[in-house]
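Please open the model in your viewer and keep the sequence panel beside it. The tour below goes from one selection to the next and says what is to be found at each stop.

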Amino acid sequence: MERLTDLDERLLAALRNDGRAPIATLATRLGVSRATITSRIDKLTAAGVIVGFTVRVRDYAEASTVRATSFIEVEGRSTDRVIAHLRGFPEIQSLHTTNGGWDLVAEIACTDLPAFDDVLRRLRSIDGVVNSETSLLLSSVLR
């Protein structure tokens, strides 16, 4: 896809604010036609800029969830295999490659501590994972 236009940037900002906003509402807010909004969303999706739509929930809805960040060191050239395995973990909310001392960073959410313990056990038993360091997230002060 070509470089994002000003309209694309404003559309993405509007969708980040309310991903369920009707096309007509977005068109009015951005001062363009509904057909233009539909076309831009289709193009942004086809180009991989928009990769999906999701729901965000208030913190109180997640209050009983055990959340953590796990830093993962991978052996040699096994990163792709480890990533493929981690994609199957429903508890992993996001997974990132990184530089420095760790190869991957995973954001984890579990229903309780026994489930969290199970995720760590499964993560550490993946062939190619040589080390990990995980920290529980206690409270969110900025999101």
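Two residues are said to touch, or to be in contact, when heavy atoms of theirs lie within 4.5 Å. This is a predicted model, in which local features need pLDDT of at least 70 and side-chain atom pairs count only at pLDDT 80 or more, while totals for chains, interfaces and linings use all residues. Residues are numbered from 1 along each chain as its sequence is written, and side-chain values use heavy atoms, with hydrogens and water left out. Helices (H or I, at least four residues) and strands (E, at least two) are DSSP runs, numbered from the N terminus.

**First stop: Ser94**

Select Ser94, which sits in strand E2, residues 92-97. Leaving aside residues up to four places away in sequence, Ser94 touches Val105, Ala106 and Glu107. Its side chain also makes a polar contact with the side chain of His96, at 3.1 Å; a polar contact is a pair of N or O atoms within 3.5 Å, where within protein one must be able to donate a hydrogen and the other to accept it, and residues adjacent in sequence count only if both atoms are side-chain atoms.

**Second stop: helix H5**

Which residues of H5 are buried? They are Phe116, Val119, Leu120 and Leu123, where buried means under 20% relative accessible area, exposed over 50% and partly exposed in between, with a 1.4 Å probe and protein chains only. Looking down the axis of H5, you will find these buried residues within an arc of 95 degrees, so they line one face of the helix; the arc is that of the directions from the helix axis to the C-beta atoms. An α-helix has 3.6 residues a turn, so residues three or four places apart point the same way. On the other side of H5, Pro114, Asp117 and Arg121 are exposed. The cover over the buried residues of H5 includes strand E1 (66-74), helix H4 (79-86), strand E3 (104-110) and strand E4 (129-137).

Move on to Leu136, a residue of strand E4, which is partly exposed with a relative accessible area of 42%. Leu136 and Arg67 are 69 residues apart in sequence, yet their C-alpha atoms are 5.9 Å apart in space. Next select Asp127, in the loop between H5 and E4, which is exposed with a relative accessible area of 58%. Not counting residues up to four places away in sequence, Asp127 touches Arg81 and Val82.

**Last stop: helices H1 and H3**

Finally, select H1 (residues 6-17) together with H3 (residues 34-46), which pack at an angle of about 85 degrees with their axes 11 Å apart. Here the axes are lines fitted to C-alpha atoms, for helices over the stretch in contact, and angles run from 0 to 180 degrees between N-to-C directions. H1 and H3 are therefore roughly perpendicular to each other; angles under 35 degrees count as roughly parallel, over 145 as roughly antiparallel, 65 to 115 as roughly perpendicular and the rest as oblique. The residues that make this contact include Leu11 and Leu15 of H1 and Ile37 and Leu44 of H3.
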